Amino acid sequence: MIIMIGCVLLLVAVLAFGKFMQIRALIAAVPKPSPQTVSTAEVQKLQWQSQFTAVGTLNPVRGADLSTEVAGLVRTVHFKSGQDVKAGTLLVELNADSDIALLHSAEAAAAQAAIVLKRDQAQLAVQAVSQAQIDADTNDLKAKRAQVEQQAAVVAKKSIRAPFSGRLGITALNPGQYVNAGDKLVTLQTLDPIYVDFALPQQQLAGLAVGQVVNLSVDTFPGQSFSGKINAISPKVDAATRNVQVEATISNPKQILLPGMFANVKIDVGGVQEQLTLPSTAVTYNPYGSTVYVVKEAEPPKEGAAGAGAPAQPASPSGARQLVAQQVFVETGATRGDQIAIVKGLAAGQVVVSSGQNKLKNGTPVVVDNSVQPANNPAPTPQEK
């Protein structure tokens, strides 16, 4: 029985050793991962000005579509499309002949009432009329003069004047054309200064204040910057978007900014600070967090590891130690242009992969080729080619 048990144990040992040698051979046959070519960037500590950014819409300080209160036939058009006018400038005259005639009739009636009052006052001195007659004549004169003022207002409505200074739009109004009350005649817009209205998240409300400097740019004039100041912050946060409306006044002396344009708005917040920065392409965003790949030298294999079946790290052709990529979780901050701030997870001077992360995993050997680098400009000005 002892001999039989010993033979069984020997057989099990032989089979186990054979299986071990087979697994070791399979492990040795697994091809080593080939180095992946990537570009790298160094984590730098740079001066950083925190900014709020938004997309706004330009609106006039004063703007209106001019119309008429009364219907009538256009007699004269006193302006040209695109003309700059001052407040009170006569723009359009409607035919007011019948209204002027009624005004003259009302003025004659008022004059007659004044004569009657003067005559009755003379008769009152000799007790020829009563005080009641004088009172009636006085009230009649007031009524006649009120009719004159009313008719004069009707005549004035036939002359449409500019309510404020600004630039007129394009109009198809011509003499002889009949217009109804409320019909649009021409648009009038004040261009200097001009408003920019934009919205910011409620989290940024603490960094806003009336009088704060605002800088904006428009695609129409690339490379130009326009500055102004915040003049109003809405006292209400939109319950649907959780955004707050902000209005700023922008100087527009050349009158090249027009109402309706969209603008990229930037607001400097606080002072200049030092931040760790990287190109935005270096950060990979995942549901479980943001990561970067740090490039470092591979650690030498431990003694006996090769005997246990672990492959040694290959050396580079120049004899230097092989570089590998190590995944690191980071906490990101604000962005500016092509750069992003790193709040936590890295230190200045570390080298990270700036492009080629999609083919990496933890411990993948890499070869650095920085002949082509991703953009890393804090204030890029992209242009179509």
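Residues are numbered from 1 along each chain as its sequence is written, and side-chain values use heavy atoms, with hydrogens and water left out. Because the model is predicted, local features need pLDDT of at least 70 and side-chain atom pairs count only at pLDDT 80 or more, whereas totals for chains, interfaces and linings use all residues.

Secondary structure follows DSSP runs, with helices (H or I) of at least four residues and strands (E) of at least two, numbered from the N terminus. Helix α2 spans residues 97-125 and helix α3 spans residues 131-157. The two helices pack at an angle of about 165°, and their axes are 8 Å apart. Axes here are lines fitted to C-alpha atoms, for helices over the stretch in contact, and angles run from 0 to 180 degrees between N-to-C directions. The packing angle makes α2 roughly antiparallel to α3; on this scale, angles under 35 degrees count as roughly parallel, over 145 as roughly antiparallel, 65 to 115 as roughly perpendicular and the rest as oblique. The crossing of α2 over α3 is left-handed, a term applied if the near helix is turned anticlockwise from the far one by less than a right angle, with right-handed used if clockwise. The contact of α2 with α3 comprises 17 nonpolar, six polar and seven charged residues. In this classification Ala, Val, Leu, Ile, Met, Phe, Trp, Tyr, Cys and Pro are nonpolar, Asp, Glu, Lys and Arg are charged, and the others, Gly among them, are polar.

Strands are taken as paired if DSSP finds at least two bridges between them. Four strands form an open sheet in the order β3-β10-β8-β5, with antiparallel pairing. The edges are β3 (63-67) and β5 (84-85), each with a single partner strand, so one side of each has no neighbour in the sheet. Five bridges connect β3 with strand β10 (residues 184-189) in the antiparallel sense, and Ser67 has Lys184 in β10 as its bridge partner.

Antiparallel pairing is also found between strand β12 (residues 213-217) and strand β13 (residues 226-237), over four bridges. In this pair, Leu216 stands opposite Phe226 in β13. The bridge partner of Ile233 in β14 is Val246. A hairpin is formed by β13 and β14, with five residues between them. Arg242, in the turn, has a positive phi of about 60°.

Salt bridges were assigned where a side-chain nitrogen of Lys or Arg lies within 4 Å of a carboxyl oxygen of Asp or Glu. The count by this rule is six. Accessibility is classed as buried under 20% relative accessible area, exposed over 50%, and partly exposed in between (1.4 Å probe, protein chains only).

One of the salt bridges joins the side chains of Glu69 and Lys157, at 3.6 Å from N to O. Glu69 lies in the loop between β3 and β4 (72-77) and Lys157 in helix α3, so that the pair links distant parts of the chain, 88 residues apart. Glu69 is exposed, at 61% relative accessible area, while Lys157 is partly exposed at 35%.

A salt bridge also joins Asp97 and Arg75, with an N to O distance of 2.8 Å. Asp97 belongs to helix α2 and Arg75 to strand β4, so this pair ties together parts 22 residues apart in sequence. Asp97 is partly exposed at 43% relative accessibility, and Arg75 is partly exposed at 42%.

Within helix α3, Lys144 and Asp140 are four residues apart, about one turn of the helix. Their side chains meet in a salt bridge of 2.8 Å, N to O. Lys144 is partly exposed at 21% relative accessibility, and Asp140 is partly exposed at 32%.

Two further positions were examined. Gly72 is placed in strand β4 and is buried, with a relative accessible area of 8%. The C-alpha atoms of Gly72 and Ala156 are separated by 13 Å, the residues being 84 apart along the chain. Arg321 is found in the loop between β17 (289-297) and β18 (323-336) and is partly exposed at 44% relative accessibility. A separation of 8.5 Å is found between the C-alpha atoms of Arg321 and Glu299, 22 residues apart along the chain.
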